[in-house]
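Here is a short briefing to read alongside the model. Please keep the sequence and the 3D view at hand as you go through it.

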Amino acid sequence: LYLVHQFTIPGSPSIWNGDEMGMWGADDPNNRKPLWWPEMHFESESRYNLQPGRLEKDKVEFNTEHFEFYKKLITLRKKYPALIKGDITFLPSPDKVIAYERRMGGECITVIINAGEHADTITLRPGVSSIDLLTGKSYSGTIALAPLSAYVLKHL
């Protein structure tokens, strides 16, 4: 959800070296390590500093799904100038839901993020049909927002 927000708000997205690969910082001495390229193999590691008492280890490997999601967001940002230079207007939304439009020229993209753990709904502008640039799904009228979900809607 944070990545969708970061790539759709004004300003440059900030990507820490390795974030796009799914890297996380482990305890010393594993906090400094090479990038997790797909062809590299590492031993599993613990993160006791973040999760006290946690005994199991996390698998250390390149996260292809995460990497592809970064690439999708970068592609959307490059393809739709409104996501880079467009004006931003925040829209009324339920608790734990943030909604805003990015407009530039005739281009309008609505971003909706449900940070809540429960489903919710939001009503789009009357008579406006949109396509979710993340999934390709079409929407109009009221959208049933899944818990912990994000939508990047291009108005048609």
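What pattern does the protein follow, read along the sequence? The answer is α-α-α-β-β-β-β-β-β-β-β, with 3 helices and 8 strands in the protein. Helices (H or I, at least four residues) and strands (E, at least two) are DSSP runs, numbered from the N terminus.

This is a predicted model, in which local features need pLDDT of at least 70 and side-chain atom pairs count only at pLDDT 80 or more, while totals for chains, interfaces and linings use all residues. Residues are numbered from 1 along each chain as its sequence is written, and side-chain values use heavy atoms, with hydrogens and water left out.

**Overall figures**

- The protein has 156 residues, and 37% of them count as buried (buried means under 20% relative accessible area, exposed over 50%, partly exposed in between, with a 1.4 Å probe and protein chains only).
- The protein exposes about 9,600 Å², of which carbon and sulfur atoms supply 54% (areas come from the Shrake-Rupley method with a 1.4 Å probe; for residues, only the protein chains shown count as cover).
- Taking contacts between residues at least 6 apart in sequence, 46% join residues at least 24 apart (contact means heavy atoms within 4.5 Å).

**The six-stranded sheet**

- An open sheet is formed by 6 strands in the order S1-S2-S3-S8-S5-S6, with antiparallel pairing (two strands pair if DSSP finds at least two bridges between them).
- The edges are strand S1 (87–90) and strand S6 (138–140); each has a single partner strand, so one side of each is left without a neighbour in the sheet.
- From one strand to the next, the twist averages 30° (axes are lines fitted to C-alpha atoms, for helices over the stretch in contact, and angles run from 0 to 180 degrees between N-to-C directions).
- Strand S8 (residues 149–155) is largely enclosed by the rest of the structure, because 6 of its 7 residues are buried.
- Strand S3 (residues 107–114) runs antiparallel to S8 and is joined to S8 by 6 bridges; Ile109 has Lys154 in S8 as its bridge partner.
- Strand S5 (residues 129–132) also pairs with S8 in the antiparallel sense, over 3 bridges, and here Ser130 has His155 as its bridge partner.
- S5 and S6 run antiparallel and are joined by 3 bridges, with Ser129 opposite Ser140 in S6.

**His155 in S8**

- His155 lies in strand S8 and counts as buried at 17% relative accessibility.
- The side chains of His155 and Thr110 are joined by a polar contact of 2.7 Å (a polar contact is a pair of N or O atoms within 3.5 Å; within protein, one must be able to donate a hydrogen and the other to accept it, and residues adjacent in sequence count only if both atoms are side-chain atoms).
- Not counting residues up to four places away in sequence, the residues that His155 touches include Glu101, Cys108, Arg125 and Val128.

**Strands S4 and S7**

- S4 and S7 run antiparallel and are joined by 4 bridges; the bridge partner of Ile122 in S7 is Ile143.
- Thr123 is found in strand S4 (residues 120–123) and counts as exposed at 58% relative accessibility.
- Leaving aside neighbours within four places in sequence, Thr123 is in contact with Gly141 and Thr142, and the side chains of Thr123 and Thr142 make a polar contact (3.3 Å).

**Aromatic pairs**

- The structure holds 4 aromatic pairs (rings of Phe, Tyr and Trp, with its six-membered ring, pair if their centres lie within 6.5 Å; planes under 30 degrees apart count as stacked, over 60 as edge-to-face and the rest as tilted).
- One of them is the edge-to-face pair of Phe7 and Tyr70, at 6.1 Å centre to centre and 85° between the planes.
- That pair links distant parts of the chain, with Phe7 in helix H1 (residues 2–8) and Tyr70 in helix H2 (residues 64–79), 63 residues apart.
- Both Phe7 and Tyr70 are buried.
- Phe62 and Phe67 have ring centres 5.1 Å apart and planes at 55°, so the pair is tilted.
- Phe62 is buried at a relative accessible area of 14%, while Phe67 counts as partly exposed at 24% relative accessibility.
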